[in-house]
Amino acid sequence: MSAERVASELTVAILPLGQIADRQIQLTAWILEQEFGVKIVFLPAMKIPQQYFNAERDRYQSRSVLNFLFSQLPADVQRIVGVVAGELEDDKNESKLGVAFAHDRTAAYSVLSLPEWERLSAKEHIDRDIISYIVVAHEFVHTLGLEHCQNLDCLMHKTGYNPKMCAACRRWADRELKVK
């Protein structure tokens, strides 16, 4: 976390949904702690209920996964991030790396589309970590209520390829972290 940022009072739960590598869980926690100054609570891994799975496309319905996450949100926690072992799809049946609901304070991202660390070179490890960073940070900021940014170079742009937020989005996120 950069020196000028104030630590947030938010507590965020991380819930592994399926069999998730410990390294991915720790990376998720590190991203949230370092970038947003939140406190992390780890929940025990769970399986996503089968009724949320679209067998035809081999994906979980993202809206249902987020609703399930909301039902698992502990009373003393303000946000929950689900790390999903399967693929996610939106209401248009399109594959998604991550999804979030601001009103439910929930976010989820899929690790299935990310390559396995054990098979990666050192450079590929960095690439995978950057992708994880971008998806986790982008979806978490959505839980704070920020929509997509028009700035192509911003983490919050709908394509989400840049690991940095523009100054306007950073100010907005920092303000929300202090307020919430």
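Q: Contact means heavy atoms within 4.5 Å; which strands do the buried residues of helix 2 pack against?
A: By that cut-off, the buried residues of helix 2 pack against strand 1 (11–17), strand 4, strand 5 (79–84), strand 6, strand 8 (98–101) and strand 9 (106–110). The model is predicted, so local features need pLDDT of at least 70 and side-chain atom pairs pLDDT 80 or more, while totals for chains, interfaces and linings use all residues. Residues are numbered from 1 along each chain as its sequence is written, and side-chain values use heavy atoms, with hydrogens and water left out.

Q: What makes residues 62–72 a helix, and where does helix 2 lie?
A: Helices are DSSP runs of H or I with at least four residues, strands are runs of E with at least two, and both are numbered from the N terminus.

Q: Which residues of helix 2 are called buried?
A: Buried means under 20% relative accessible area, exposed over 50%, and partly exposed in between (1.4 Å probe, protein chains only). In helix 2 the buried residues are Ser 62, Ser 64, Val 65, Leu 66, Phe 68 and Leu 69.

Q: What makes strand 4 and strand 6 a pair?
A: Two strands pair if DSSP finds at least two bridges between them. Strand 4 (residues 59–61) and strand 6 (residues 87–89) have three bridges and run in the parallel sense, so they count as a pair. Gln 61 stands opposite Glu 89 in strand 6.

Q: What is the strand order of the five-stranded sheet, and which strands are at its edges?
A: The order is 2-1-5-9-8, in an open sheet with mixed pairing. Strand 2 (39–42) and strand 8 are the edge strands, each pairing on one side only. Neighbouring strands of this sheet are turned by 20° against each other on average, direction ignored. Helix 2 packs on the sheet by touching strand 1, strand 5, strand 8 and strand 9, and its direction makes about 125° with that of strand 9.

Q: How many bridges join strand 5 to strand 1 and to strand 9?
A: Six bridges join strand 5 to strand 1 in parallel, and Leu 15 stands opposite Gly 82 in strand 5. Five bridges join strand 5 to strand 9, also in parallel, and Val 81 stands opposite Ala 107 in strand 9. On the other partner of strand 1, strand 2 pairs in the parallel sense over four bridges, with Ala 13 opposite Val 41.

Q: Why is His 138 called buried?
A: The relative accessibility of His 138 is 6%, so the residue counts as buried. His 138 is found in helix 3 (residues 122–143). Not counting residues up to four places away in sequence, His 138 touches His 148, Leu 155, Met 156, His 157 and Gly 160.

Q: What does the side chain of His 138 reach at 2.8 Å?
A: The side chain reaches the backbone oxygen of Leu 155.

Q: Why is Asn 93 called partly exposed, and where is Asn 93 found?
A: Its relative accessible area is 36%, so Asn 93 counts as partly exposed. Asn 93 is in the loop between strand 6 and strand 7, and has a positive phi of about 65° although it is not a glycine.

Q: Why is Arg 105 called partly exposed, and what is its phi?
A: Its relative accessible area is 28%, so Arg 105 counts as partly exposed. Arg 105 has a positive phi of about 60° although it is not a glycine, and its place is in the loop between strand 8 and strand 9.

Key:
Contact = heavy atoms within 4.5 Å. Polar contact = N/O pair within 3.5 Å; in protein donor to acceptor, adjacent residues only side chain to side chain. Axes fitted to C-alpha atoms, helices over the stretch in contact; angles between N-to-C directions.
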